[in-house]
Amino acid sequence: GGLALCAAAVAVRAQSPDPAAPPGEGEPVVDVRVVGNEAVPLHKIAPHIRTRAGRVFDANQVEDDVRRLSKTRQFVNVTTTYQRVPEGVIVVFQVVERPTLRYVRYVGATLRRKTLDKHSGIKVGDAVDPYLVEEARRKIDEYYKSKGFARSRVTVVEGIKPGDRGAVFLINEGPKQKVFDVEFEGNTIADDGRLKTQIQSKPPMFYLFGGGVDYEQINGDVDRLTSYYRSLGFFGAKISHELEFGEDHQWATLRFVINEGPRYKVRSVSVVGAKQFPASELEAALQLKNGKYFDQGGMTRDVSYLQDKYGAIGFVYSNVQADPRFLETPGELDLVYQVEEGDRYRVGRIDVRIEGEVPHTRVNTVLNRIDLRPGDIVDTRKIRDSERRLQASGLFLSDRAQGIMPRITWQAPDGVETIASEPNPDGAARGQSPDG
C-alpha cells in the first residue's frame with residue numbers, strides 16, 4: 001500500500017506546471033507588471049504594452065509588446081517572466097534602462113545655448129543613444145551652415161562611447177560668411193534683375209541682417225533657376241554656381257553660371273478627343289501657336305481656357321492634359337492637348353448650409369447671389385462669379401476674419417446631376433447632392 005501511495009504522489013508532482021514556464025494559450029492573465037524601470041515612469045511604458053489583465057494569454061501579443069518596448073530605444077534589454085497563481089498567470093516585463101543624459105554641452109559655441117538645444121533635438125534626461133547623439137551633431141552642423149558658418153565643424157567628444165553619461169559637442173565655428181553680391185553669367189533671355197526674383201540667396205539687408213552663405217539654399221536656387229528656364233522653353237539649360245571669397249574669407253560673390261542651350265519652338269499645336277467643338281475652333285483660340293516659343297504660362301492658360309470652354313456647357317468633370325512631345329530635331333516640339341469630355345450635367349438642387357443659427361431670410365439672400373437654378377446647365381464660369389459675389393457681399397465678415405471664405409463646389413453622386421455649395425472649410429455656404 002505504501003508503494004502505491006508514493007507513486008501517486010510522484011505522478012501529481014510531475015503534472016504540476018513549472019511556475020516560470022510560459023503559459024499555455026487560453027490561460028487567464030491575472031496581472032501585468034513592469035520591473036527594472038527607474039528613470040522611465042510607468043505611464044510612459046504602459047501605452048506600449050497591450051497585454052491586459054482579464055484577458056486570455058496570447059504569446060504573440062507578448063512578443064509584440066517586447067518589440068514595441070525595444071523600439072522606444074529607452075531600454076537596453078526587455079525580457080518576460082511569468083508567475084503562476086491560483087487564478088491564472090502574472091506576466092512580468094523586465095526592462096534594463098538605457099543610461100540617460102546627465103548633461104549636454106556645446107564647447108566653443110558663441111550662439112545661444114537655447115537655440116542650439118532647440119536644433120540639436122536632445123536634452124538632459126534623454127537616453128544615451130549614440131545614434132541620437134550623432135544625429136544631433138548633424139543637425140547642429142546644418143544649422144551653423146544655414147547661418148553662414150560655411151566652414152564650421154562639429155564633432156562629438158562624448159556621448160557615443162560605452163559608459164558615457166552626457167553629450168559634449170566641440171564646435172569650431174570658423175568665420176561667418178555672407179553673400180556680398182549675386183551675379184549671373186551667360187544669361188541672355190532675362191536680365192540679372194529678373195533672375196534675382198527667382199532665387200532666395202541675397203546679400204544681407206543693409207549688409208547687417210541675414211545674407212549668410214547657405215549651401216542648401218544655393219542648391220535650391222540652382223533648381224529654381226533651372227525650372228524658370230525650362231518654363232520658357234530652355235529644356236536643355238544647365239546651371240551651376242561659384243563662390244568667390246575675398247581675402248578675409250568672410251564675404252563672397254555668388255555667381256550663377258548659365259548655359260541656356262536652345263530655346264524650343266512649338267512646331268504644331270493640336271487638340272485631340274474633342275467632340276462637342278471642332279478641334280480647329282479650339283486650336284485657333286489657343287495662345288500658344290505654331291512657330292511660337294514654348295511658354296509654360298501660356299500652356300497653363302490654354303489648359304484653363306479649354307476646361308472653361310467645356311465647363312460653360314455643363315461638362316464640369318472634363319479633363320484636359322497638355323502633352324509636350326519632343327522631336328528628333330533639336331529645339332522643336334509638338335504640343336498636344338488631350339481632352340476627356342466626360343458627361344454633361346444640369347443643376348439638381350442647390351443647398352445652402354451656414355454654421356450656427358440659420359435664419360430663412362439669410363439662406364434666400366445667399367441663393368439670390370447664385371446665378372444658377374435647378375434645371376440649368378451647369379456653367380463653371382457662373383459658379384465662380386457667384387462665389388466672388390458671396391465673398392464680396394459682406395454677409396460673412398466674421399468668417400472672413402477667421403480666414404474662412406464662402407466657397408461653392410459641386411458633386412454628382414450616383415449619376416445625379418447636381419450643383420451644391422459648401423463652406424471653406426466651416427463657414428458660409430455648403431451643399432449636398434439632391435435627389436434629382
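Which residues meet in a salt bridge of 2.4 Å, N to O? The side chains of R68 and D65 do. A salt bridge is a side-chain nitrogen of Lys or Arg within 4 Å of a carboxyl oxygen of Asp or Glu. The model is predicted, and local features need pLDDT of at least 70, side-chain atom pairs count only at pLDDT 80 or more, and totals for chains, interfaces and linings use all residues. Residues are numbered from 1 along each chain as its sequence is written, and side-chain values use heavy atoms, with hydrogens and water left out.

R68 and D65 are three residues apart in helix α3 (residues 59–71), so about one helical turn separates them. Helices (H or I, at least four residues) and strands (E, at least two) are DSSP runs, numbered from the N terminus. D65 is buried, at a relative accessible area of 0%. Buried means under 20% relative accessible area, exposed means over 50%, and partly exposed lies in between (1.4 Å probe, protein chains only).

A search of the whole structure finds 25 salt bridges. One of them pairs E142 with R138, and their closest N and O atoms are 2.5 Å apart. These two residues sit four apart in helix α5 (residues 130–146), so they too are separated by about one helical turn. E142 is partly exposed, with a relative accessible area of 42%. R138 is also partly exposed, with a value of 30%.

R349 and D351 form another salt bridge, with the closest N and O atoms 2.8 Å apart. R349 is partly exposed at 35% relative accessibility, whereas D351 counts as buried at 14%. Elsewhere, salt bridges that share partners join E183, E242, E244 and R255 into one network.

The largest pocket has a volume of about 250 Å³. Of its 15 lining residues, V40, Q74, G125, D126 and A127 are the closest to its centre. A pocket is defined on a 1 Å grid over the protein atoms alone, as an open set of points where a 1.4 Å probe fits, with protein on both sides within 12 Å along at least five of seven lines; lining residues have an atom within 4 Å of a point. Grid points are joined across faces, edges and corners, and the volume is the space filled by probe spheres set on the points. By class, the lining holds five nonpolar, four polar and six charged residues. Ala, Val, Leu, Ile, Met, Phe, Trp, Tyr, Cys and Pro count as nonpolar, Asp, Glu, Lys and Arg as charged, and the others, Gly among them, as polar.

The surface also carries a nonpolar patch. M205, F206, L208 and F209 form it, with about 520 Å² of accessible area together. Patch residues have over 30% relative accessible area and no salt bridge; like charges are joined within 9 Å, and nonpolar side chains (Val, Leu, Ile, Met, Phe, Trp, Tyr) within 5 Å. Accessible areas come from the Shrake-Rupley method with a 1.4 Å probe, and for residues only the protein chains shown count as cover. L208 lies in the loop between α6 (192–196) and α7 (215–231). L208 is exposed, with a relative accessible area of 55%.

T110 is found between β4 (104–107) and α4 (113–120). T110 is exposed, with a relative accessible area of 62%. T110 and E173 are 63 residues apart along the chain, and their C-alpha atoms are separated by 8.2 Å. R73 lies in the loop between α3 and β2 (75–85). R73 has a positive phi of about 60° although it is not a glycine. R73 is partly exposed, at 35%. R353 belongs to the loop between β12 (332–340) and α10 (360–367). R353 is partly exposed at 39% relative accessibility. R353 and V366 are 13 residues apart in sequence and 9.9 Å apart in space, C-alpha to C-alpha.

Two strand residues complete the account. K265 is in strand β10 (residues 265–272) and is partly exposed, at 36%. D181 is in strand β7 (residues 178–185) and is partly exposed, at 27%. D181 and L254 are 73 residues apart along the chain, and their C-alpha atoms are separated by 6.2 Å.
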